[in-house]
Amino acid sequence: MASLVSLHNVIKRYVRGKQTIEVLHQLDLEVPAAQFLALMGPSGSGKTTLLNLIGGLDRPTSGEIIVAGEHIQNLSSGQLAKWRARHVGFVFQFYNLMPMLSAERNIELPLLLTSLSSAQRKRNVAAALELVGLTSHAKHKPAELSGGQQQRVAIARALIADPTLLVCDEPTGDLDRASAGEILGLLQLLNRDQQKTIVMVTHDQKAADYASRILHVDKGQLIEAAVKSAA
Amino acid sequence: MKFFRLIWIGVWRKKVRTIFTVLSIVVAFLLFGMLQGIDTTFKQLVNQGRLNVLIATNPAGLPLPLADLSEIEAVPGITRVTYRSLFIGDYQSLRNIVIVLPVDSDNFFAENPMFSLSPAVRAAFLHARTGALVAQSLAARLGLKAGDRIPIHALNALKKDGTSDWAFDLVGTFDIPDSPIRDEPIVLMNYAYFDTARATDTGTVQMYQMMIADASQAASIANTIDNLFANSAHRTHTETERANAQGQLAQIGDLDFFVEAIVAAAFATLLLLTGSTLMQAFRERTHEFAVMKTLGFTDRGVSALVVSEAVLLTVGAAVLGLLIALALLPALGTVMARVGAPGLRLPGIVFAIGVGFAVLLALASALPAAWRAQRLTIIDALAVR
């Protein structure tokens, strides 16, 4: 299957004071379309840095990152923002919802950047809410929702613009076991039924087990851990 | 429009803080509107002063002999001369203060065409020795009509009979359209009646008003008049009607300076207040802005949202303040007109300038927050919780 995400010789260095830290060392990665990839590794191993590079939130020091056919390291800040809006959905550990907006308004947020009419946006939001099982909570603000429900809203927001790639950073890190199971099941469903390509960072082996492929990031290098056949 | 809800919610994120900020802006622009309204009214009064009309008064404020009239009339370049006196009185009670102008009824209306009245009323006034004309607004307020006998108690015009009570036969009303003094409580009476009945300063006038043929000659004609009486006991100070109005305004003080100083101080304070409020609001929402950037909002887009919130907050509150000033000024003007002050209005241009100031204020106060919003990096902002 053709790669949706390709990284070639990617190096990422951070400068902290007088010290330069190389987080990723000449890293190569191919993620085929419709793959559910889990990135595991200890703290400071570079897995979130790698995720940020794939999602276009950060730029490599050198190397090439191609996502959905776009060499994203060459894009300007504005182009990269528009590219993210079109191609990437983000799910964070702490949900990162807008506290003043209701669930449906949070989900609608990425659609404000499209040319969809208000009626179309409303329809899409309703469909997304139904997908994550929160139709009855549309008007609730984040503070009125449980952690699991907030994460569902975040997933609906990530999916609303029908992105090519879903990037999840510890999506169950703040949830209890039952809620985590529901969220991971939902991600697995999206991968299996809607062929969404998912790259997920996790510490949790049980969470990683939901993925079709597991890679370990250790000291800025990737180690293939497991590849499962499609479920 | 689709971003309006987002902007609106951003503005009201901290309701109490927003309400206090809005109140500060409303008060500042109410102050701006009121002061500018007063200043503009006085400027309008000065600008309505004509350049082809000269006013001669005594520099010490003393009355001038009516006997000087013929000498003034003989000055080359003068086409017509009228004169008048003035006293303050009240009608029935001190709540109804009036300004009584004993006028030379033959020439007064010819030289002051802004006084609008029907020829019949004018003729009636001319032929009724004890006749009086009152401003339309005053007649309406006091319920006066032609044919009424109106007593006015003078505060500074004693009669020969030892009283200060003047009685007039109201022959009609006049109007001064488009003038700030339209609502002033003016009563016109015949000078001849005034002069024969008063106990003091008989044969004097408060001022001469001269129409000249060529406004460019105003200064030299004024000099000629003043030179005529330079060595007399009743020296004159002659100037154009506009300069005279300007001089009267200057007696209050440098109104422009006061208005500008107060408005500048209010706006400078407001700039600091809104600027710090917006920066505080920005700091509280750094994480949210980073999330928005993550979702695909561009640096400029987020920055524009910050500026839009500031514009909505500031301009909205400023318009509210100006609307209150718009409503209050005429009401205040009506009250002030009763004691002889010009009527007050907030001209459209002042309103527009106020809104312009509000936009500038919003842009200036939002600048630091907008700049930081634009430069905000997602990774750094998301790392801080």
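Colleague: How many salt bridges does the rule count over all chains?

Modeller: The count comes to 21, a salt bridge being a side-chain nitrogen of Lys or Arg within 4 Å of a carboxyl oxygen of Asp or Glu. Keep in mind that this is a predicted model, where local features need pLDDT of at least 70, side-chain atom pairs count only at pLDDT 80 or more, and totals for chains, interfaces and linings use all residues. Side-chain values use heavy atoms, without hydrogens and water; residues are numbered from 1 along each chain as its sequence is written, and chains are lettered from A and ligands numbered from 1 in the order in which they are written.

Colleague: What makes B:R13 and B:E288 a salt bridge?

Modeller: Their closest N and O atoms are 2.3 Å apart, so the pair meets the cut-off. B:R13 sits in the loop between α1 and α2 of chain B and B:E288 in helix α11 (a DSSP run of H or I, at least four residues), so parts 275 residues apart in sequence are tied together.

Colleague: What is in contact between chain B and chain A?

Modeller: 22 residues of chain B touch 26 of chain A. About 2,200 Å² is buried, 70% of it from carbon and sulfur atoms, counting accessible area (1.4 Å probe) lost by both parts. B:K2, B:L295 and B:I379 supply 28% of what chain B buries there, more than any other three residues.

Colleague: Which element gives the largest share of chain B's side?

Modeller: That is α11(B), with seven residues. The side has 11 nonpolar, four polar and seven charged residues, yet the count between the chains is zero salt bridges.

Conventions
Contact means heavy atoms within 4.5 Å. Buried area is the accessible area (1.4 Å probe) that two parts lose on being put together, summed over both. Helices (H or I, at least four residues) and strands (E, at least two) are DSSP runs, numbered from the N terminus. Ala, Val, Leu, Ile, Met, Phe, Trp, Tyr, Cys and Pro count as nonpolar, Asp, Glu, Lys and Arg as charged, and the others, Gly among them, as polar.
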